[in-house]
Amino acid sequence: MTKAYEQIAAALRGRVVAGELEPGERLPTETMLATEFGVSRATVREALRQLDAQSLIRTSKGATGGSYVTLPSAGHLSASLRSGIGLLADAQDVSLDELLEARELLEVPAARLAARRRRESDLERLRAAIPGNPLELGAQDQFAHNADFHSVVLEASGNVLLAIAAQPVFDVLQTRLARSTLGNRFHRAIAAAIEAGDEDAAGGEMHAHVEYLRPFYVKAWRGIGGRG
């Protein structure tokens with residue numbers, strides 16, 4: 001049976017989706033909502049907590065405080081998913097093999113789509129993400145270039161949902177390496193295939209890249225006691 005606060009949350013969510021409540025608009029007070037729905041303020045508060053957890057509202061305190069309508073962004077959803085996957089990995093409820101399999105299933109098609117849909121701005125960003133002399137960079141800069149390269153490939157795929165799903169998997173894997181193992185030759189090959197519009201080559205090079213990294217991930221994973 002649906003709880004009262006869930007019914008209220010669903011009703012308010014429906015108003016947001018229908019455009020009756022627009023981004024930035026302030027919601028009625030808890031007292032007003034409690035009167036409208038015939039429930040206690042505590043029930044309304046629980047409904048608002050649920051909407052806040054779904055990034056549909058933000059709540060602020062003070063003289064101008066209250067609950068305001070917002071909409072979840074791709075970045076916010078991806079960050080939330082990354083947090084959840086990270087917790088699963090820390091609790092050993094997800095294995096390295098599962099993460100690598102998911103990465104391959106997401107990033108290989110992303111590379112293929114990027115080759116099909118790439119724009120000049122994407123190609124410029126790909127080139128900028130490949131350092132000329134990676135071994136001269138510090139670990140943090142290597143991490144940053146590596147993350148930038150894969151983020152650009154995902155964005156160049158032109159599929160927001162694919163990027164939302166793939167980025168957290170990449171992030172969880174990347175943060176568990178002792179240092180970034182930049183596969184610069186793979187990045188160059190992937191970028192060249194994308195620039196040439198060669199979908200098969202782009203997908204193949206991304207697959208080879210993930211497989212090349214596997215032993216490095218296995219070593220790092222064993223070091224922290226994770227599931228293989």
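**View 1. Helix 1 and helix 2 in a predicted model.** The axes of helix 1 and helix 2 (residues 30-37) come within 12 Å and cross at roughly 105 degrees, where axes are lines fitted to C-alpha atoms, for helices over the stretch in contact, and angles run from 0 to 180 degrees between N-to-C directions. Helix 1 is therefore roughly perpendicular to helix 2 (angles under 35 degrees count as roughly parallel, over 145 as roughly antiparallel, 65 to 115 as roughly perpendicular and the rest as oblique). I8, A11, L12 and R15 of helix 1 make the contact with L33, E36 and F37 of helix 2, contact meaning heavy atoms within 4.5 Å. By class, this contact has 5 nonpolar, no polar and 2 charged residues (Ala, Val, Leu, Ile, Met, Phe, Trp, Tyr, Cys and Pro count as nonpolar, Asp, Glu, Lys and Arg as charged, and the others, Gly among them, as polar). Helices (H or I, at least four residues) and strands (E, at least two) are DSSP runs, numbered from the N terminus. The model is predicted, with local features needing pLDDT of at least 70 and side-chain atom pairs counting only at pLDDT 80 or more, while totals for chains, interfaces and linings use all residues. Residues are numbered from 1 along each chain as its sequence is written, and side-chain values use heavy atoms, with hydrogens and water left out.

**View 2. The largest cavity.** The count comes to 1 cavity of 30 Å³ or more, a cavity being a set of points, on a 1 Å grid over the protein atoms alone, where a 1.4 Å probe fits but cannot get out. The space in the largest cavity is about 30 Å³, and its lining consists of L12, R13, V16, L21, L27, L51, L56 and I57; lining residues have an atom within 4 Å of a point. Helix 1 (residues 4-18) gives the largest share of this lining, 3 residues, and the lining as a whole has 7 nonpolar, no polar and 1 charged residues.

**View 3. The largest pocket.** The largest pocket has a volume of about 210 Å³, a pocket being an open set with protein on both sides within 12 Å along at least five of seven lines. Of the 13 residues that line the pocket, E30, R45, L48, T59 and S67 are the closest to its centre. Helix 3 (41-53), strand 1 (57-60) and strand 2 (66-69) are the elements that give two or more residues to the lining, and helix 3 gives the most, with 4 residues. The lining divides into 4 nonpolar, 4 polar and 5 charged residues.

**View 4. Helix 7 beside helix 9.** Helix 7 (residues 139-156) and helix 9 (residues 184-196) pack with their axes 12 Å apart, at an angle of about 25 degrees, and are therefore roughly parallel to each other. The contact joins N146, F149, H150 and V153 of helix 7 to H187, I190, A191 and I194 of helix 9, and its residues divide into 5 nonpolar, 3 polar and no charged.

**View 5. Helix 4 against helix 8.** Helix 4 (residues 74-90) packs with helix 8 (residues 160-174) at an angle of about 40 degrees, their axes 8 Å apart. By class, the contact between these helices has 12 nonpolar, 3 polar and 2 charged residues.

Conventions
Points joined across faces, edges and corners; volume = space filled by probe spheres on them.
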